[in-house]
Amino acid sequence: MTPELKQRIDNLIKENKIIVFMKGTKLMPMCGFSNNVVQILNTLGVPFETVNVLDDYEIRQGIKEYSNWPTIPQVYINGQFVGGSDIMIELYQKGELQQMVEVALAS
Amino acid sequence: MISPQQIETMIKAELPDAQIHIQDLTGGGDHYQVTVVSSQFAGKGLVQQHQLVYRALQQAMSCEAIHALALKTYTPEAWQNTQ
């Protein structure tokens, strides 16, 4: 990964408390897994940013290497890699996600 | 496309003690739901647990032989608690 790309991803993650790297957009997710993540965050009613990896090949490949995670979507909360759709569902069902986003938004 | 047996073999190569349950969600051999129970997950967070499985399946994931993978990971203790 080029230092420029790493810097770009660093900045995106730093500047947004909750950011989702996904296929499609909030209004039009292009994949069921990305849709799951959007629906969960919508249910929590928290503000979040999204990056459409289908519009940006560099990020699409780069984020996999950056996170050491082979799939999209990927969620970062407060600069921390949280995981993809499966982990988001699990954390949501356990009630832990609510707590994580509250802490992130309060900080 | 990849067979459930191939997935099981790949995961077992990385996690020899794993109990694995594989479901082909569409019948097309590329959308799978996989549940893995292994003692090697003990003391690890969910991200690290999933990373272990992804590493085992790296080859199949990177060439998109597996297009979609829903993953659940449990330690043997955590698995007992779900039963």
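Two strands pair if DSSP finds at least two bridges between them. Helices (H or I, at least four residues) and strands (E, at least two) are DSSP runs, numbered from the N terminus.

The model is predicted: local features need pLDDT of at least 70, side-chain atom pairs count only at pLDDT 80 or more, and totals for chains, interfaces and linings use all residues. Residues are numbered from 1 along each chain as its sequence is written, and chains are lettered from A and ligands numbered from 1 in the order in which they are written.

**Exercise 1. Determine which strands β1(A) is joined to, and in which directions they run.**

Solution. Step one: four bridges link β1(A) with β3(A), and these two run antiparallel. In this pairing, Phe21(A) has Gln74(A) of β3(A) as its bridge partner. Step two: four bridges also link β1(A) with β2(A), residues 49-52, and here the strands run parallel. Opposite Val20(A) stands Thr50(A) of β2(A).

**Exercise 2. Describe α2(A) and what its buried residues pack against.**

Solution. Step one: α2(A) comprises 13 residues, 32-44, and spans 19 Å from its first C-alpha to its last, close to the expected 18 Å; the expected span is 1.5 Å times one less than the number of residues. Step two: Phe33(A), Ser34(A), Asn36(A), Val37(A), Val38(A) and Leu41(A) are its buried residues. Step three: these pack against β1 (18-22), β3 (74-77) and α4 (85-94) of chain A, together with β3 of chain B, where contact requires C-beta atoms, placed from the backbone, within 7 Å. Just after the helix, Gly45(A) adopts a positive phi of about 70°.

**Exercise 3. Give the strand order and pairing of the sheet in chain B.**

Solution. The sheet is open, with three strands in the order β1-β2-β3 and mixed pairing. Its edge strands, β1 (19-24) and β3 (68-74), each pair on one side only. Strand β2(B), residues 31-37, is joined to β3(B) by seven bridges, and the two run parallel. Val37(B) is placed opposite Tyr74(B) of β3(B).

**Exercise 4. Locate the buried residues of α2(B) and explain why they line one face.**

Solution. Step one: Gln49(B), His50(B), Val53(B), Tyr54(B) and Ala56(B) are buried in α2(B). Step two: viewed down the helix axis, the buried residues fall within an arc of 160°, so they line one face; the arc is that of the directions from the helix axis to the C-beta atoms. Step three: their cover includes β4 (80-83) and α4 of chain A, and α1 (4-14), β2, α3 and β3 of chain B.

**Exercise 5. State how many residues of chain B are in contact with chain A, and classify them.**

Solution. Contacts involve 13 residues of chain B and 10 residues of chain A. In chain B, α2 (46-56), α3 (58-62) and β3 each supply at least two residues of this side. The classes are eight nonpolar, four polar and one charged; Ala, Val, Leu, Ile, Met, Phe, Trp, Tyr, Cys and Pro count as nonpolar, Asp, Glu, Lys and Arg as charged, and the others, Gly among them, as polar.

Methods
Two residues are in contact if their C-beta atoms, placed from the backbone, lie within 7 Å. A residue is buried if 20 or more other C-beta atoms lie within 10 Å of its own, exposed if 12 or fewer, and partly exposed in between; C-beta atoms are placed from the backbone.
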